Amino acid sequence: THSAIDSLSAAFEDSAPQLADVVDAPEVPPPTPPALLEWVLDQMSMEPTLHRAYVRRRANSRLETVSDVGRPRGACEAGARWTRVAIRGDDKPKNITFSNVSTAGGQSVSAVYIGGVLRTEVDLAQLRPYGMDHACDWCQKGSLELDKTYVVCLVEEHENGLVRIGSRCNGHLGSDADDLVEVYNPMIRLSLLDYPTTDEYGLPIEALTVRGDNEATLLPLIPRTIWNTGVVLLAELKIPCPLTLGGQTRLSTTLRYDGLLYRFDPRIVLHENTMAAPLNSSSLPSSARGQPPAMRCPSPEKNIFNQHSCIVSHGCRPDKAIPKKDLSASFQLNISTIRAMYVEGDVYVYAIDGLPLAGNEDPCTKEVRWRSLPDSCIESALDDTTRQVLVEAINGSKDTNAIVRDVTLSRDQRQRCSDAKIEGGAIIEVLGECWQVTHADQLNVYDFTLWAMGRGGHPGNFEGTGYYPIKSFAHRGSSILRFPSHHNVLQWRLAHEVKPFL
């Protein structure tokens with residue numbers, strides 16, 4: 001690629017005269033072996049230049065959360081990027097809907113909703129200038145239906161760029177779609193409808209309002225191509241940042257400037273970790289450590305180039321796990337400690353909930369998990385003997401967990417217990433508390449980190465856009481991963497082994 005060629009040129013730019021000495025040219029005789037050896041030895045004695053330094057100065061990929069190589073630039077930081085285009089690459093593969101909405105004043109306006117949240121008002125003639133129905137193969141494919149839920153599959157991020165939507169994404173990186181419909185990408189504008197106050201995760205949508213040049217300096221992105229239309233960079237914020245730490249890195253954060261609306265577009269800032277200036281994570285801005293505050297220590301292997309400048313890093317967690325022999329602390333797995341694993345360690349640990357029973361689970365078998373129900377108890381129709389056995393087993397269980405309880409029946413109890421297969425799981429009351437048969441893995445705690453990552457993880461991961469559905473639960477503050485109701489329990493069984501049980 002051009003970037004690879006440029007980086008190679010940069011790495012050897014100081015050596016151009018020496019390189020000219022060894023290339024085959026008519027006016028220069030071919031170098032003799034001693035001359036070639038001398039040139040190689042001379043190159044080896046020079047101060048090394050690194051590709052990573054070249055890349056660090058030019059990298060600008062989209063990044064939502066802190067990683068071991070970089071962090072998202074905060075919305076109030078110099079260089080923060082803001083865009084007006086309504087549909088972006090990081091909207092893949094979210095749901096998108098087009099609807100006609102009546103305003104409080106009795107007017108009707110067309111609107112675009114992404115992830116169930118209003119994104120922009122829109123002129124349907126701009127989206128589909130050739131008509132809503134299938135018009136021609138050479139213009140726009142498919143027929144756009146109002147109030148129908150589609151999935152975003154391909155996005156050209158500029159005004160009137162091509163957007164492909166459909167019932168399901170397929171093809172390379174999901175760039176094609178089943179039931180394909182093509183629309184043109186609009187810019188964000190809201191004149192009749194109020195901008196939403198919460199995002200798709202229920203988190204508040206925060207806004208940075210700039211009323212003039214005395215409050216901030218905003219510059220257009222150059223060169224002025226169609227891809228950079230509607231993009232501005234924050235050169236300097238001259239007022240205190242009004243955003244919370246979460247708002248400084250959240251995708252839904254907005255900018256109101258010169259009568260226009262922009263959405264925050266978090267871009268990577270690679271950690272400066274050179275031999276001359278090793279990373280000091282405590283010096284990072286608060287926004288870099290707020291979502292989540294912990295970060296992995298950049299820890300390249302010691303080699304002949306960096307061995308004289310390696311230092312002990314502070315303010316970040318080690319990249320390698322602590323040996324088991326060094327672990328001696330005990331703690332209880334609950335909502336707070338599970339959340340701390342993400343906030344402090346950047347690992348995706350959840351309690352799984354919502355797992356359906358594979359069938360009519362029989363509580364009269366040897367080992368069964370029961371779950372406490374907070375609502376009033378409507379007991380299942382069981383014969384008196386079976387009910388007495390189950391009450392006796394739950395009450396006498398060695399497992400004293402107040403939320404889920406694993407109950408083991410003795411041989412005698414199993415012989416006396418019968419006819420307890422109830423659809424959805426039998427329900428009984430024990431000492432004033434209601435219990436129901438549930439899935440054997442219900443509310444188990446697993447490390448979903450590998451499942452949350454790209455290749456080899458969840459099949460819904462989209463590396464090209466940075467969309468990872470498993471990560472979204474932690475990003476919106478949850479410690480519980482709710483199993484989707486439209487999933488089959490077999491999907492849980494097949495993926496069970498890749499998620500370590502805690």
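**Close-up 1. Cys377 sits partly exposed, with 25% relative accessibility.** This view, like the ones that follow, comes from a predicted model. A disulfide ties Cys377 to Cys434, with the two sulfurs 2.1 Å apart. The torsion about that S-S bond is about 70°, so this is a right-handed disulfide. The two ends come from distant parts of the chain: Cys377 belongs to the loop between β18 and α7 (384-395), Cys434 belongs to strand β21, and 57 residues separate them. Is Cys434 buried or exposed? It is buried, at a relative accessible area of 5%, while Cys377 at 25% counts as partly exposed.

**Close-up 2. Strands β20 and β21 form a hairpin.** Here we stay with β21, the strand that holds Cys434. Strand β20 covers residues 427-430 and strand β21 covers residues 433-438; they run antiparallel, joined by 4 bridges. If you want a pair to look for, Ile428 has Trp435 in β21 as its bridge partner. There are 2 residues between the strands, and Leu431 in this hairpin takes a positive phi near 50°.

**Close-up 3. Cys364 and Cys417 are joined by a disulfide.** A disulfide is a covalent bond between the sulfur atoms of two cysteines. In this one the S to S distance is 1.9 Å, and the torsion of about -60° makes the link left-handed. Where do the two cysteines lie? Cys364 is in the loop between β17 (349-353) and β18 (367-373), and Cys417 is in the loop between α8 (411-416) and β20, so the bond ties together parts 53 residues apart in sequence. Cys364 is buried at 7% relative accessibility, and Cys417 is buried with a relative accessible area of 7%.

**Close-up 4. Cys76 and Cys241 make another disulfide.** A search of the whole structure turns up 4 disulfides, and in this one the sulfurs are 2.0 Å apart. The link is right-handed, with 65° about the S-S bond. It reaches between distant parts of the chain, 165 residues apart: Cys76 is in the loop between β1 (70-72) and β2 (80-83), and Cys241 is in the loop between β13 (231-237) and β14 (254-257). Cys76 is buried, with a relative accessible area of 15%, whereas Cys241 counts as partly exposed at 31%.

**Close-up 5. Arg164 and Glu182 meet in a salt bridge.** Side chains of opposite charge can pair when their charged atoms come close. For Arg164 and Glu182 the N to O distance is 3.1 Å. This pair, too, links distant parts of the chain, since Arg164 is in strand β7 and Glu182 is in strand β10, 18 residues apart.

**Close-up 6. Asp178 and Arg168 pair up through their side chains.** Their salt bridge has an N to O distance of 3.0 Å. Asp178 is in strand β9 (residues 176-178) and Arg168 is in strand β8 (residues 168-170), so the contact ties together parts 10 residues apart in sequence. Asp178 is partly exposed, with a relative accessible area of 26%.

**Close-up 7. Glu379 and Arg387 form one of the salt bridges.** How many salt bridges does a search of the whole structure find? The total is 20. Between Glu379 and Arg387, the N to O distance is 3.0 Å. Glu379 is partly exposed at 34% relative accessibility, and Arg387 is partly exposed at 31%. Elsewhere, salt bridges with shared partners join Arg62, Arg81, Arg88, Asp90, Glu157, Asp265 and Arg267 into one network.

**Close-up 8. The largest nonpolar core gathers 21 residues.** The residues with the most contacts inside it are Ile87, Ile96, Phe98, Leu144, Tyr150, Ile165 and Val183. Elements that each supply at least two core residues include β3 (95-102), β4 (108-114), α5 (124-127) and β7 (162-166). Which element gives the largest share? That is β6, with 3 residues. Setting aside residues up to four places away in sequence, Leu144 touches Phe98, Arg128, Met132, Tyr150, Ile165, Val181 and Val183. A second, separate core has 17 residues, among them Val389, Val407, Ala426 and Trp435.

Note on methods
Residues numbered from 1 in each chain as written. Predicted model: local features only at pLDDT ≥ 70, side-chain atom pairs only at ≥ 80, totals over all residues. Heavy atoms only, no water. Core = buried A, V, L, I, M, F, W, Y, C linked by side-chain atoms within 4.5 Å. Buried < 20%, exposed > 50% of the residue type's maximum accessible area, 1.4 Å probe, protein only. Contact = heavy atoms within 4.5 Å. Pairing = 2+ DSSP bridges. Salt bridge = Lys/Arg side-chain N within 4 Å of Asp/Glu carboxyl O. Disulfide = S-S within 2.5 Å.
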